[in-house]
Amino acid sequence: MNRLTESCRIAIVGSGPAGLSAAARAAQLGLSHVLIEKTDHLSDTIYKYQKGKHVMATPSQLVLRSDLDFDAGKREAILGLWDEQVAGAGVTVRHNAEVLSIEGTGEPIAGSVMKIVTRKRDGTSETSEIQRRAPPYRLKLSDGSEIVADAVILAIGTQGNPNLMRCAGADLPHVQYQLDDPKEYIDEHIVVVGTGDAGIENALGLAEDAEQRNVVTIVNRGMEFATAKGANVKALLAARDAGRVNIQFNSETKAIEPGWITFTTRDGEERIRCDRVIARMGSAPPRGFVESCGIEFTSGDRLAFPRLSPVFESTAPGIFVIGALAGYPLIKHCMNQGYDVVEFVNGNASLKPADEPILEAKFKDLPGRRDVAEWLDYLRSGITILEGMNPLQMREFMLDSTVRAYRRGEVIFERNEPGSSLFAIADGSVSVQVNPDDPSITVPIGKGSIFGEVGLISGRKRGATIVAAEDAICVEISRTAALKLQSSVPAAKRAIERISTERQLLQMFGSGLTSADLTEVLDTARIEQVSAGKTVIDEGDEGTDILVIRQGSMVVEKQIGGKPVFLNYLPAGSYVGEMAVIAGGKRTASVRAAIKSEVIRIDGPTFRKLLDAKPQLLAKASADMAERQNLNAFVESKKDSFSNVVDMYSNVANFLIENGIGEATDVLLIDENLCVGCDNCEKACADSHEGLSRLDREAGRTYAHLHVPTSCRHCEHPHCMADCPPNAIHRGPDGEVFINDTCIGCGNCQRNCPYGVIRMDAVPPKKPGLLSWLLFGKGPGPGEPSKKWSYANAEPGVEKAKKAIKCDMCSGIEGGPACVRACPTGAAIRVSPEKFLSIARLERESA
Amino acid sequence: MASQAPAKRARQTERVRSDGTHEGFLRHRNFLWLKIGAALSAFCLIVYLLVDVTPRHNGGSWLGYALGTIGVLLILWLTALGYRKRKMTRGAWSLKAWTSAHVYLGLSLIVIGTLHTGFQLGWNVHTLAWVLMMLVILSGIYGISVYATLPQQMSFNRDQVTETQMLASLREVDRQLHDAAQPLSQHHAALVRESLEQDVFGGGLWQRLSGSSRNCATRRVHRTIRQETGAKADTGNDPLERVDGLLERKLATLSRVRRHLRYKAMLEVWLYVHIPATFALIAALTAHVISVFFYW
């Protein structure tokens, strides 16, 4: 064995919470191990948090099982504690060592070949194959040494490595990939490479204080800032106009030398002064490296995780994957897995996962005596869409879902209730009350199937009341869990799509249709994604396809007198295109997506056949068509006599759609004909919610005195929910989107909200009552207290964490939204788009 | 749409009606409080005209006491708006309804209060209370008139820009002016400094309310510089031309800010009469009531 090769039982790659916990367990059990960390400190991701950041310990109900301690607290305290405990436990750590490759050194495993598909920028892909070999594994490190280990635990997270500069001189010491403190540099010529948010924020930070006298240049490969947030781009352009930052457009770095940098631009080469290069060009996800170790992912999806056994073993025997890379981004999960995986490697087969008590509690009230594993298996085998999941996925899935037994006749949910969860029937059956006027008309849904999918897909209210037809056990799958399920199990996605399309058609057309009638139509139906603003039907075109809006919303427009006039707003669950099928002829109006939408395209002739076979359906479709034709005729007649009013109506409607009303379910508008600017709405909001206002009245766009303030629209598919680590954002019983107490203050929702309505702030101290302010001038008075007052009156020694704050529509407050109740002039109103954008508005204005 | 079921809401706050209309405080519930206020006034007037009080109508008759009691209760209730407005409690109340009632019942006090006097006015604490009441009501009428007309103009002037943004853009222009003035001669630089050092929001209440810019240093400086630049051709690289342009931008921003502050001031200034006068009224009223009962 050569001098640089070390041998051990377990090699742990990555010293984040998962890796640290695993190493500590290995040390505790006396197993020979080595913890490999590529930087010179432990837990780099947390290390890179800004100074003093409060780190949260969620989910709170999860028990921590680790040899290391962890509780919510400041970054410094946590890192300090871990450093101490890791040293105390006798963990063997290798700093400054990056793993370059992991290869099996044993016999080739028969039939175990890893296929790696590499996609290139031009759209082509290349497939290479790796023959997996048995352990022990040889880990080649960047310092030239090697480690041979029986088992490898990969805990490298998902941060990846920053993309590096590739030009000449990229390895010079003044090229850096991170900026800790922009105040550190003075009197320098600094070039920032990359115009994503990180690059722009760095450039602005460096140029912010003119006293630092830095000359800051930011380099953009093209002319656009496609990957940055609008606000950042605006700030950058403003800084450019003010002469604080130079933007180098259409440029790529050619060479870096001490004191200078050379760009290739459209007009030839350009060489400028440069004392420091800060490269912020994104980071490469570690997937390539992970695959090269022989570890398979569940799908080609960008967000897919490695395929794992119940003991975290990957498809490469002896390589285990835990932590964020395995799909568990929360610190507690990571630490528990670190402990568990080492126990498993050490041969402990009876260890129950730390989430066992949570799952036990979920199953405790169900009939039948089964333990957790049996229940998981029962649900998995009984419900069609869950069949493709592995036991580990099933555990995680059940943590996000609930399961309940229903007695015969019990209502599961009611028509018009908000709700975006999906239900699956594990046992028994349910019946759907399809007719709101006559509950006796029902459609059965049997064991193994699903219901509630319309709410999941469209984000709209429940379309029908569902009652248990016999004693039943149903799993309620939260929206997040359902989306995760669809992305990790393609078969589940297809099954949900087919069922939902069928149900949507049945619900929409009703009139005695059965699923058998729809078979042919369903075979031609395709689901299409439509980006915002894209036209799906052009006025004057041929074409007879019917389009059903599955998700999002659409706007119908017609050219009248050379101008497009807004005719109608179609929410999800509506259909268009029936005129051409029924009456023939060209399309009479254009339909475009108000927001990113999904439509089901149904072949026109096939649908026509169905119409011919079902006279009832034809009658219903004809009635819908007549209604729309009347509307078109009405608008056209108004156009002649009240051309301005129609233009105005059209413009206001388009203005509102542009401002996100198309995806709103409930939005605050301010009529600036009435608003006196007293800000009582903001004050009432703050006083109803722990002293923080969730709306900014003055900010926001205005058109024709109709003002859309910065306040939550309660979107159908909330952008804020997209990436919430503790899953703290939910839709409440009145349709409100709210953030619960488990918020960890990470700010993802704030960044994801395109309307800027979420703020991060700490709850201010409690104010004295109104009377003591009125009579004795005590306290800051109504509304949000100033930062100064909050600071001066804060409880000494207690630092409150900043959490995400947004409108919850005054959920649970009798009387409803305070902003509207507290408006003295009636300027503040709350509207839902389908009502507000109705043609009735036009009728009134032209009356 | 055909497939949409009508939306049901669990909690019914005041929402826009299905035909897209909504009402301001003056039109609230189709002028409900105007009708109530008018009916109350008419009722009092009719009773006043029909009842024969000897020797003549006065505050001390049974009708006088009745009107006086109604008046006092109304005044106290109307004053409570200030508390209601700031007290964000639960429950299905709407401040708009309170404002509407405040306006119309307050107006009906003109009739009730005046009938209570029996038109016996003189130089005493009793008449002082009446005068203060009328002052409160008149300032209120002014308030209604600005509430009805100014918001539109304010919204138009603001043009989607917030007050903070207006002030930020003013600072931004100042910063650019400062930079642009560096190459200028001392004389010109001194002029620019005069504009930079100007206290934009100085001047008294009158200046704020009138929106006057007569003493505006920036305008004076701009005029002086324009006299020099006006005749010359703008070659695009004369620093003085650049300063000229910046000053013009600053003037435009300034006039928007001034108009904004003027509207804001006009929407608020009447409250500085309305509210102190209300407290004076309550004090005078107390004196009036006590003296009346003391000299019974």
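The model is predicted, so local features are reported only at pLDDT of at least 70 and side-chain atom pairs only at pLDDT 80 or more, whereas totals for chains, interfaces and linings use all residues. Residues are numbered from 1 along each chain as its sequence is written, chains are lettered from A in the order in which they are written, and side-chain values use heavy atoms, with hydrogens and water left out.

The interface between the chains is considered first. In chain B, 51 residues are in contact with 66 residues of chain A, contact being defined as heavy atoms within 4.5 Å. The size of an interface is often given as the accessible area lost when the parts come together. For chain B and chain A the buried area is about 5,000 Å², and carbon and sulfur atoms give 54% of that area; buried area is the accessible area (1.4 Å probe) that two parts lose on being put together, summed over both. Between the two chains the count of salt bridges is one, a salt bridge being a side-chain nitrogen of Lys or Arg within 4 Å of a carboxyl oxygen of Asp or Glu. A:Glu672 and B:Arg158 form a salt bridge, with their closest N and O atoms 2.8 Å apart. The count of residue pairs in polar contact between chain B and chain A, both residues at pLDDT 80 or more, is 18. A polar contact is a pair of N or O atoms within 3.5 Å; within protein, one atom must be able to donate a hydrogen and the other to accept it, and residues adjacent in sequence count only if both atoms are side-chain atoms.

Helices H3 (81–86), H4 (95–117), H5 (125–158), H6 (163–180) and H10 (239–269) of chain B each supply at least two residues of the side of chain B that touches chain A. Helices (H or I, at least four residues) and strands (E, at least two) are DSSP runs, numbered from the N terminus. The most is given by H5(B), with seven residues. By residue class, the side of chain B that touches chain A divides into 18 nonpolar, 17 polar and 16 charged residues. Here Ala, Val, Leu, Ile, Met, Phe, Trp, Tyr, Cys and Pro count as nonpolar, Asp, Glu, Lys and Arg as charged, and the others, Gly among them, as polar.

Two sheets of chain A are described next. Strands of a sheet pair through backbone hydrogen bonds, either parallel or antiparallel. Two strands are taken to pair if DSSP finds at least two bridges between them. One open sheet of chain A has five strands in the order E12-E19-E13-E14-E15, with parallel pairing. Strands E12 (175–176) and E15 (245–248) of chain A stand at the edges, each with a single partner strand, so one side of each is left without a neighbour in the sheet. Four bridges pair strand E14 (residues 215–219) of chain A with E15(A) in the parallel sense, and A:Val216 stands opposite A:Val245 in E15(A). Helix H4 (residues 197–208) of chain A packs on this sheet, touching strands E13 (189–193), E14, E15 and E19 (276–279) of chain A, and the direction of the helix makes about 170 degrees with that of E14(A). Axes are lines fitted to C-alpha atoms, for helices over the stretch in contact, and angles run from 0 to 180 degrees between N-to-C directions.

A second open sheet of chain A has four strands in the order E23-E28-E25-E26, with antiparallel pairing. Its edge strands are E23 (411–413) and E26 (442–445) of chain A, each of which pairs on one side only. Strand E25 (residues 430–433) of chain A is joined to E26(A) by four bridges, and A:Val432 stands opposite A:Val443 in E26(A).

Finally, most residues other than glycine have a negative phi, and most peptide bonds are trans. A cis peptide bond joins A:Pro135 and A:Pro136, with omega about 0 degrees. The bond from B:Thr54 to B:Pro55 is also cis, with omega near -5 degrees.
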